[in-house]
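Thanks for coming. I have one model to go through today, and I will keep to what can be read from its coordinates. Please have the sequence and the structure open.

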Amino acid sequence: MGSGIAEVAAASGHEVVLRSRSADGADAMVAALTKSLAKQVEKGKRTDAEAAEISGRVRATTHLGELVDVDLVIESVVEDLAVKRDLFAELDSICKPETILATNTSTLPVVEMAMATGRPDLVCGIHFFNPAPAMSLVEVVRPITASDATVAAAVEFAARCGKEPVEVKDQAGFIVNALLFPYLNNAVRLYEQGVATKDGIDAAMKGGCGFPMGPFALLDLVGLDTSLAILDALYDEFRDPNYAPVPLLRRLVASGQLGRKTKKGFYDYDR
Ligand SMILES: NC(=O)c1ccc[n+]([C@@H]2O[C@H](COP(=O)([O-])OP(=O)(O)OC[C@H]3O[C@@H](n4cnc5c(N)ncnc54)[C@H](O)[C@@H]3O)[C@@H](O)[C@H]2O)c1
């Protein structure tokens, strides 16, 4: 998600500092961004010059300290509350006092990240969808600690990125994942029960509901580890059995089969 968000921000004219923990990670993010722009050039959606201009606005680094002067940080690390809280505390000590600190979390309580900082009024959620350059929705998440000005700035940023911002309260899953994940989880349950094959279920939901992809293709795109973390967070909050992750999902994650990012999940991927 990180490289997709960087691409969206740079394509709408923002100067972007893309921070990854390792040089390899930073290189991989820049490579993903370059590949995505090259595809758009190939399809005639952008010129070579535009793609070069967008790449030119993105500076990759491994040093968190380089975020000192930015106006907005969008955190998009692993879906793990302890990791995110630590990062927010560190960002709070590094960034100038007026920087807005936002999270791309899919489900975790934004208020907990806000309270890890000394500026809870300046923390909110800016939740992009996958792939960020293609999906128009951005959920702007308002924790009870956020100021109106912070939420308004997040909405304005999303709109400037050409997205459609929708404001939502800080409740697990926000709008889309609260509604989507019971469906994805129950698709895995149907498959586990032997009701139909993965391909059969995917074909049924595409052909019967007009969805662009079936639930197993979508789970592989989201990442099975991220999907499991989302379901765990939803179940923690609501104790609804529809959110209790189906055992097969947990077993696939334990085996390192995480979907497209590991080239193997419910399906196999060549590239
Ligand atoms: N995958 C999706 O469809 C999707 C959609 C919207 C939002 N999100 C959210 O975006 C965030 C990232 O998800 P993703 O799918 O890009 O995951 P990912 O697994 O592709 O990337 C996670 C990144 O976090 C880094 N990371 C792991 N531990 C870290 C740590 N301790 N400190 C700093 N960085 C660390 C990893 O190196 C990796 O680069 C999550 O909060 C997720 O909920 C994901």
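I will start with the ground rules, then take the sheet, the strand pair, the helices, the cysteines and a few backbone details.

This is a predicted model, in which local features need pLDDT of at least 70, side-chain atom pairs count only at pLDDT 80 or more, and totals for chains, interfaces and linings use all residues. Residues are numbered from 1 along each chain as its sequence is written, and side-chain values use heavy atoms, with hydrogens and water left out.

Helices (H or I, at least four residues) and strands (E, at least two) are DSSP runs, numbered from the N terminus.

First, the sheet. Five strands make an open sheet in the order E3-E4-E5-E6-E7, with mixed pairing; two strands pair if DSSP finds at least two bridges between them. Strand E3 (72-75) and strand E7 (164-169) are the edges, each with a single partner strand, so one side of each has no neighbour in the sheet. From one strand to the next the twist averages 30 degrees. Strand E6 (residues 137-142) and E7 run parallel and are joined by six bridges. In that pair, Glu 139 has Val 166 in E7 as its bridge partner.

Next, another strand pair. Strand E1 (residues 16-19) and strand E2 (residues 58-61) pair in the parallel sense over four bridges, and Val 16 stands opposite Val 58 in E2.

Now the helices. The axes of helix H7 (residues 176-192) and helix H9 (residues 215-222) come within 10 Å and cross at roughly 115 degrees. Those axes are lines fitted to C-alpha atoms, for helices over the stretch in contact, and angles run from 0 to 180 degrees between N-to-C directions.

What does H7 bring to this contact? Leu 180, Phe 181, Tyr 183, Leu 184, Ala 187, Val 188 and Tyr 191 meet Pro 215, Phe 216, Leu 218, Leu 219 and Val 222 in H9, where contact means heavy atoms within 4.5 Å. By class, the contact has twelve nonpolar, no polar and no charged residues. For that count, Ala, Val, Leu, Ile, Met, Phe, Trp, Tyr, Cys and Pro are nonpolar, Asp, Glu, Lys and Arg are charged, and the others, Gly among them, are polar.

The buried residues in H9 are Pro 215, Phe 216, Leu 218, Leu 219 and Asp 220, and they pack against H7, helix H8 (198-209) and helix H10 (224-238). After H9 comes Gly 223, with a positive phi near 105 degrees.

Asn 177 lies in H7 and counts as buried because its relative accessibility is 5%. Beyond its neighbours within four places in sequence, Asn 177 contacts Ser 106, His 127, Pro 182, Ile 230 and Leu 234. Leu 180 is also in H7, but at 22% relative accessibility Leu 180 counts as partly exposed.

Tyr 267 sits in the segment after helix H11 (247-254). Is Tyr 267 buried or exposed? Tyr 267 counts as buried, because its relative accessibility is 19%. Leaving out residues up to four places away in sequence, Tyr 267 touches Lys 198, Asp 199, Asp 202, Phe 216, Ala 217 and Asp 220.

On cysteines: the structure has zero disulfides, a disulfide being a pair of cysteine sulfur atoms within 2.5 Å. For Cys 124, the nearest cysteine sulfur is that of Cys 161, 13 Å away. Cys 124 is buried at 0% relative accessibility, and Cys 161 is buried at 10%.

Last, the backbone. Asn 130 and Pro 131 are joined by a cis peptide bond, with omega about 0 degrees, and Pro 131 lies in the loop between strand E5 (123-128) and E6. Phe 174, in the loop between E7 and H7, has a positive phi near 50 degrees without being a glycine. Phe 174 is buried, with a relative accessible area of 7%. Lys 263 is not a glycine either, and has a positive phi of about 65 degrees; at 43% relative accessibility, Lys 263 counts as partly exposed.

Technical notes
Buried means under 20% relative accessible area, exposed over 50%, partly exposed in between (1.4 Å probe, protein chains only).
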